[in-house]
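Please look through the model shown here slowly, with the sequence beside it, and follow the paragraphs below one region at a time.

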Amino acid sequence: MKRVARQLDLALTPFEALQRPARAVDLAGVTECLREKDPALLDHSHRVAFFADLLAQRLQLPEGMVGQVRTGAFLHDVGKLGVAHGILLKPGKLDASQLREMRRHPVLGARMLRDLSLPRGVVAGVLHHHEWWDGSGYPDGLSAGQIPLAARIITVCDAFDSMNSHRPYRRALSRQTIFDEFQSFTGRQFEPYLVDAFLRILETGVCDPPLLPASSSGGCRAPVHPGRRLRYGVQ
Ligand SMILES: [Fe+2]
């Protein structure tokens with residue numbers, strides 16, 4: 001339990017670091033909105049912030065950049081506040097128009113944060129966390145080094161949390177399957193260097209299941225189809 005609390009403290013550190021009270025109030029408001037919209041989304045945001053913090057530190061980024069990555073990771077899906085409940089919480093597959101609506105969330109999120117005077121790296125992380133290393137992501141089809149570093153880090157951590165959590169349509173994947181999926185998508189969805197660094201973090205056990213908030217384990221109703229190739233992070 002203490003370890004979970006420590007995880008949440010880490011995710012919340014950006015708020016404490018903010019110097020303008022008005023901005024802190026705004027971000028605390030975002031937290032409340034996420035909780036109200038979907039408690040699982042708030043849990044996911046905390047966990048992705050925790051993983052991104054670990055990865056940014058492993059890369060030995062300057063402390064200020066680590067903070068931007070962590071804050072961007074916490075806020076990466078804030079644009080889902082603007083997505084209809086029926087789409088956000090739909091247990092089955094989204095149809096084409098619903099998918100288009102869902103895929104607006106990075107742009108919506110960046111727009112929502114525009115007036116909070118956050119560092120550019122934070123907003124860039126939110127806007128570009130669904131870009132793919134090979135250029136096949138969205139919203140702008142950026143590739144490789146065109147994608148801001150914060151976004152590349154968030155992409156890896158977001159995918160890990162997606163694979164490592166139960167979903168309405170599948171159970172959490174085994175650690176071996178997660179390793180295999182990362183290897184399979186490295187150089188396509190993910191920057192190879194970041195995958196390598198993140199897998200080394202996973203090997204230490206610091207991201208093992210006991211760290212995850214209890215509410216993340218709900219909602220599992222069906223196993224993964226064994227032959228299905230998942231595209232992580234396209235929600
Ligand atoms: Fe997202």
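**A walk through the helices**

Helix 9 is mostly covered, since 14 of its 16 residues are buried, where a residue is called buried if 20 or more other C-beta atoms lie within 10 Å of its own, exposed if 12 or fewer do, and partly exposed in between, with the C-beta atoms placed from the backbone. This is a predicted model, in which local features need pLDDT of at least 70 and side-chain atom pairs count only at pLDDT 80 or more, while totals for chains, interfaces and linings use all residues. Residues are numbered from 1 along each chain as its sequence is written.

The chain as a whole has 11 helices and 0 strands; here helices (H or I, at least four residues) and strands (E, at least two) are DSSP runs, numbered from the N terminus. Buried residues account for 38% of the 235 residues in the chain. Among contacts between residues at least 6 apart in sequence, 69% join residues at least 24 apart, a contact being two residues whose C-beta atoms, placed from the backbone, lie within 7 Å.

Helix 9 covers residues 149-164, and at 1.5 Å a residue its 16 residues should span 22 Å, which agrees with the 23 Å between its end C-alpha atoms; the expected span is 1.5 Å times one less than the number of residues. Helix 4, residues 63-75, can be checked likewise, because its 13 residues should span 18 Å and its end C-alpha atoms are 18 Å apart.

Now consider how helices meet. Two packed helices are described by the angle between their axes and the distance between the axes. Axes are lines fitted to C-alpha atoms, for helices over the stretch in contact, and angles run from 0 to 180 degrees between N-to-C directions. Helix 8 and helix 9 pack at an angle of about 45 degrees, with their axes 7 Å apart, and they are therefore oblique to each other. In this scheme, angles under 35 degrees count as roughly parallel, over 145 as roughly antiparallel, 65 to 115 as roughly perpendicular and the rest as oblique. Gly121, Ala124 and Gly125 of helix 8 make the contact with Ala150, Ala151 and Ile154 of helix 9. By class, this contact of helix 8 with helix 9 has 4 nonpolar, 2 polar and no charged residues, where Ala, Val, Leu, Ile, Met, Phe, Trp, Tyr, Cys and Pro count as nonpolar, Asp, Glu, Lys and Arg as charged, and the others, Gly among them, as polar.

In the loop between helix 8 and helix 9 sits Gly135, which is partly exposed, with 14 other C-beta atoms within 10 Å. Leaving aside residues up to four places away in sequence, Gly135 touches Gly141, Leu142 and Ser143.

Helix 3 (residues 39-58) and helix 11 (residues 192-203) pack at an angle of about 110 degrees, with their axes 10 Å apart, which makes helix 3 roughly perpendicular to helix 11. Leu54, Leu55 and Arg58 in helix 3 meet Leu194, Ala197, Phe198 and Ile201 in helix 11, and the residues of this contact divide into 6 nonpolar, no polar and 1 charged. Leu202, also found in helix 11, counts as partly exposed with 18 C-beta neighbours inside 10 Å. Although Leu202 and Phe51 are 151 residues apart in sequence, their C-alpha atoms are 9.7 Å apart in space.
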